[in-house]
Amino acid sequence: MRLRFWGVRGAVASPGPATLRYGGNTSCVAVESASGDLLVLDAGSGFCPLGDALMKGPFGRGEGKMTLLLSHIHMDHLIGFPFAVPVHIRGNRFTIYGPAASRTRLEELHEGLVAPAYSPVYTIDNIGSDLEFRRISRKPFQVGEVRVEAQRFPHGVGVHCWGFKLTAGNRTLVYIPDVEYAGGSLHNEAIEFVRGVDLLIHDAFFTQADYMPYWGHCLSRHGVLLAEAAGVSRLILFHHSPDRSDDEIDALVADHRDELYERGVSLRVDAAYDGMTIHL
Amino acid sequence: MQVRIWGCRGSYPVSGADFIRYGGNTSCIEVWVGDTLIIIDAGTGMRPLGQHLRSPESPQTNRIHVLITHTHWDHIIGFPFFQPLRDVHTHLTIYGLRRSDRPLEKALTESLSRPLFALPLTSNPARIDFRELDFYTTYAIAPDVKVTTARLNHPYRAVGYRIESPSGCLAHITDTAPFDRILFGDEQVSWSSKDRTLDPASKAILDRMRQGVLDLAAHADWLIYDTQFEPDEYARRPHWGHSTPNHAIGIASQAQARHLVLFHHDPHRTDQQIDAIEGVYRARAAEYGLVLGAAREGLTLKREQTR
């Protein structure tokens with residue numbers, strides 16, 4: 001699988017000189033399998049530049065096909081969708097898996113997103129491409145050669161975020177963008193879900209210094225602890241706070257690396273940035 | 001009066017090396033008239049503005065007036081991340097269009113709430129009042145601060161504002177299409193509409209709208225104007241509800257505004273492209289004795305002396 005990060009922020013886009021290197025777009029990661037299946041994890045503001053890039057290929061001719069996996073329905077994971085160019089091109093096909101009580105409810109949510117008060121699109125019936133909405137469940141499903149498994153994680157009071165595990169051939173990655181582990185401790189369920197995967201993309205919104213309980217996010221340290229406990233080989237810190245500057249992210253990563261080195265743990269830690277590409 | 005731009009991007013925020021100098025945040029403008037703070041629109045630029053307002057470099061006030069032009073996402077999405085909302089001493093009044101189909105309060109609190117956001121806007125400690133405005137009306141919102149409204153030509157309608165005080169006058173005209181080809185209202189304008197002949201009633205409404213905008217801009221110190229499009233883009237997308245710098249110069253020169261600020265940059269427009277646009281249209285504006293510049297984050301406009 002080939003991954004590219006198009007948006008790595010949480011909460012709200014935070015462009016500017018202080019966030020230039022890691023980027024200011026909100027959550028969006030594109031995953032392409034060796035045989036060309038395209039899966040996209042979330043549709044934050046990074047979904048728009050992804051859309052522009054896709055226009056150079058089949059999506060520009062109305063022949064594109066994408067499976068969009070929505071981890072949850074907060075705006076920082078949705079806002080890019082109605083604005084992305086390929087979405088408005090007739091012939092393109094989007095299969096959208098989202099968390100909702102029903103498929104209809106997910107469709108209604110997107111209808112509300114483009115309602116006249118909020119968008120010049122007015123209704124999803126004006127969206128030129130084919131949209132097919134599906135409800136996420138724990139039941140694994142296949143997108144081409146990629147197997148998708150999903151698991152729910154706590155994300156603040158009464159809210160859940162789906163984590164996704166993608167497997168192609170003998171390679172596996174897990175994406176957990178927003179999570180606050182209850183009581184600040186990892187669940188055995190989480191450890192089981194990510195056990196032995198090649199790559200873990202994990203929420204790193206807070207540090208000890210700025211942690212706000214019940215906001216639905218963990219500390220970057222929790223991702224490290226989870227990766228270590230589950231024997232993951234590589235961790236990508238993701239969903240950075242909009243207030244975290246490039247220099248602060250550099251320092252955060254350096255601290256984690258130093259700490260792991262001192263303890264003799266062989267876990268590779270990096271922070272996601274807009275444009276980061278990984279061949280898995 | 002002092003005006004500072006915190007977000008000048010249209011449609012959606014953009015990030016990256018191409019957008020550093022003009023900035024990638026969506027609409028948000030800070031206006032100080034003496035001790036009175038007025039914010040125009042609540043795009044993503046509102047988050048850094050909120051941080052600034054809580055810093056020692058900023059004048060301090062708990063009383064904040066927020067003028068909303070319309071509730072499209074790029075003009076409201078930053079609101080939940082505005083730090084002064086977390087302060088129990090903050091008192092916000094949010095102004096926006098009175099609509100028969102939906103109260104302003106509902107339009108804002110239902111969207112900036114669950115399920116799309118973690119917390120409902122109104123669950124913040126700050127006190128929030130809503131005040132609905134009519135078109136073509138002047139309101140005294142604070143001593144020596146008058147706000148006048150006019151209708152703009154945009155899908156689902158938008159409000160143009162004139163903020164007037166003895167220390168300066170700002171006209172804020174975004175989002176709007178020009179007032180000649182298509183009339184936007186609450187209903188959607190068909191996407192296939194190209195050059196259509198306008199019926200006399202629609203023409204009359206557009207003429208009234210244009211006059212209203214001229215009145216807002218009349219002799220203004222600064223005219224901030226929606227110039228999302230270049231002429232070729234406008235020709236392809238007249239139904240999107242945005243203008244070009246030519247349209248802005250037409251209004252600015254006729255209204256005898258002093259300084260035209262190109263605003264609501266297309267999300268694809270790079271710093272280099274905005275430089276070029278500014279160069280071309282600055283020369284054109286100079287023919288009318290008009291000062292022209294492109295909005296960028298951090299741009300501060302100030303007139304010290306009173307007239």
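The area buried between chain B and chain A is about 3200 Å², and carbon and sulfur atoms give 65% of that area. The model is predicted. The size of an interface is often given as the accessible area lost when the parts come together. Three residues, R47(B), W73(B) and L116(B), supply 20% of the area that chain B buries against chain A, more than any other three residues.

**The interface between chain B and chain A**

- In this interface, 37 residues of chain B are in contact with 37 residues of chain A.
- By class, the side of chain B that touches chain A has 17 nonpolar residues, 13 polar residues and 7 charged residues.

**Polar contacts and the salt bridge**

- Across the interface of chain B and chain A, the rule finds 15 residue pairs in polar contact, with both residues at pLDDT 80 or more.
- Two helices of chain B, α1 (46-53) and α2 (104-111), are the elements that give two or more residues to the side of chain B that touches chain A.
- The largest share of that side, 3 residues, comes from α2(B).
- The rule also finds 1 salt bridge across the interface of chain B and chain A.
- The salt bridge is formed by R47(B) with D243(A), and their closest N and O atoms are 2.5 Å apart.
- R47(B) therefore qualifies as a salt-bridge partner of D243(A), since 2.5 Å lies within the cut-off of 4 Å.

**Helix α4 of chain A**

- Helix α4 of chain A covers residues 220-229, and its buried residues are S220(A), H222(A), G223(A), V224(A), L226(A) and A227(A).
- An α-helix has 3.6 residues a turn, so residues three or four places apart point the same way.
- After α4(A) comes G231(A), whose phi is positive, near 65°.

**P245 of chain B**

- P245(B) has its place in helix α5 of chain B, which covers residues 245-255.
- P245(B) counts as buried because its relative accessible area is 1%, and the cut-off for buried is under 20%.
- Leaving aside residues up to four places away in sequence, P245(B) touches T227(B), F229(B), L262(B), I277(B) and Y281(B).
- P245(B) and V261(B) are 16 residues apart in sequence, and their C-alpha atoms are 9.5 Å apart in space.

Note on methods. Residues are numbered from 1 along each chain as its sequence is written. Chains are lettered from A and ligands numbered from 1 in the order in which they are written. This is a predicted model: local features need pLDDT of at least 70, side-chain atom pairs count only at pLDDT 80 or more; totals for chains, interfaces and linings use all residues. Side-chain values use heavy atoms; hydrogens and water are left out. Contact means heavy atoms within 4.5 Å. Buried area is the accessible area (1.4 Å probe) that two parts lose on being put together, summed over both. A salt bridge is a side-chain nitrogen of Lys or Arg within 4 Å of a carboxyl oxygen of Asp or Glu. A polar contact is a pair of N or O atoms within 3.5 Å; within protein, one must be able to donate a hydrogen and the other to accept it, and residues adjacent in sequence count only if both atoms are side-chain atoms. Helices (H or I, at least four residues) and strands (E, at least two) are DSSP runs, numbered from the N terminus. Ala, Val, Leu, Ile, Met, Phe, Trp, Tyr, Cys and Pro count as nonpolar, Asp, Glu, Lys and Arg as charged, and the others, Gly among them, as polar. Buried means under 20% relative accessible area, exposed over 50%, partly exposed in between (1.4 Å probe, protein chains only).
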